[in-house]
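Open the model in your viewer and keep the sequence beside it.

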Amino acid sequence: MIGLLASTIVTSAADSLNPIAITQQFVLQGLVKRPRHIWFYIISIGLTNLAGGFLAYFGLVAFIGNFFTRLINSHGQILFTLEMVLGIAFLIGVCYLIQNTKIESLKKEIHALQPEGQDVDKVSEAGLKITSVSPMSLTILGIGATISELTTALPYFAFLAILFNYRLSLIQVTFILVIYNIIYSMPLIILYLVYVKAQDKFDYLYMVIKTKITKWSNLLAPTVVGAIGLFLVFHSLSLLL
C-alpha cells in the first residue's frame, strides 16, 4: 500500500504539470464575475478525472464502449444522419457568425463617428465584457477539457496501470483516487490563490490579452466552427454512403 501511495504521489505530480489546463484557467480567471467562481472549473476537472479513474478501475469503460458499439451497429444510420444535421447546423452557424461580425464592425464604424462627449469609456466597456463566463459554463469547460485530454494523459494511464495490479476495496480505491486528484489539481489551486493576491495586476494583463485576442476572434471563430461542421458532414456522409 505504501508503494501504491508513493506511485500515486509521483504520477499525480507529473500529471499536474498540465500546460493546457493551467493556460485555460489563466484565461478563464479574467472572464469570471467573481474570482471564487473559478472553483467550478477546478472542481469539475478533479471530479471528471476522479470519475474516469472509477470507470477504468471497475471495468465500466469497456462496458460503456461495448454499449456504444452495439448502439452504432443497431441504429448507426439514424446516428450518422443526426451527425450530418449537426454538421449542417454548424455551417449555418458560420453564416451567422460572419453576418454578426459585419454588423458589429458597422456599429464600431458608426460609434467612431459619434462626438467625443458621447463616447463610451473603453476600459469600462471592456471590463463589463470580460466578466461574462457563468459557473455553469466553467463546469462544462472543465469537464470537456478533462475528457479531451484523457487520451494524452500518459502519467494518468501509468497510474491506472499500477492501480490495476492491486485488489482494493471501494474505500481504498476512493482514498487513492482522491489523493491523486488533489495533487493533480494543486497547480490550478495555487494559480487561483496567486490571482486573488494580485488581482489588479492580473486583470490589467487580461485586458491586454483580450485586446489582442479580439483582433483574431472574428476570423478564428467562423473558421473553427466551419471546420467542425465540414468534418461532421463529410464523416457522416462517408459512413452513410
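**The whole chain**

From the N terminus on, the protein chain reads α-α-α-α-α-α-α-α-α. That is nine helices and zero strands; helices (H or I, at least four residues) and strands (E, at least two) are DSSP runs, numbered from the N terminus. This is a predicted model: local features need pLDDT of at least 70, side-chain atom pairs count only at pLDDT 80 or more, and totals for chains, interfaces and linings use all residues. Residues are numbered from 1 along each chain as its sequence is written, and side-chain values use heavy atoms, with hydrogens and water left out.

Of the 241 residues in the protein chain, 27% are buried (under 20% relative accessible area; exposed is over 50%, partly exposed in between, with a 1.4 Å probe and protein chains only).

**Helix α1**

Select residues 2-16, helix α1. Now pick its buried residues: Leu4, Thr8, Thr11, Ser12, Asp15 and Ser16. They cover an arc of only 135° around the axis, which puts them on the same side of α1 (the arc is that of the directions from the helix axis to the C-beta atoms). Turn to the face away from that side: exposed Ile2 and Val10 are there.

What covers the buried residues? The cover includes α2 (19-28), α3 (38-57), α7 (154-163) and α8 (170-197).

**Helices α7 and α8**

Select α7 and α8 next. α7 passes α8 in a right-handed crossing (the near helix is turned clockwise from the far one by less than a right angle). Pro155, Tyr156, Phe159 and Leu163 of α7 make the contact with Ile176, Leu177 and Tyr180 of α8 (heavy atoms within 4.5 Å).

Methods: The expected span of a helix is 1.5 Å times one less than its number of residues.
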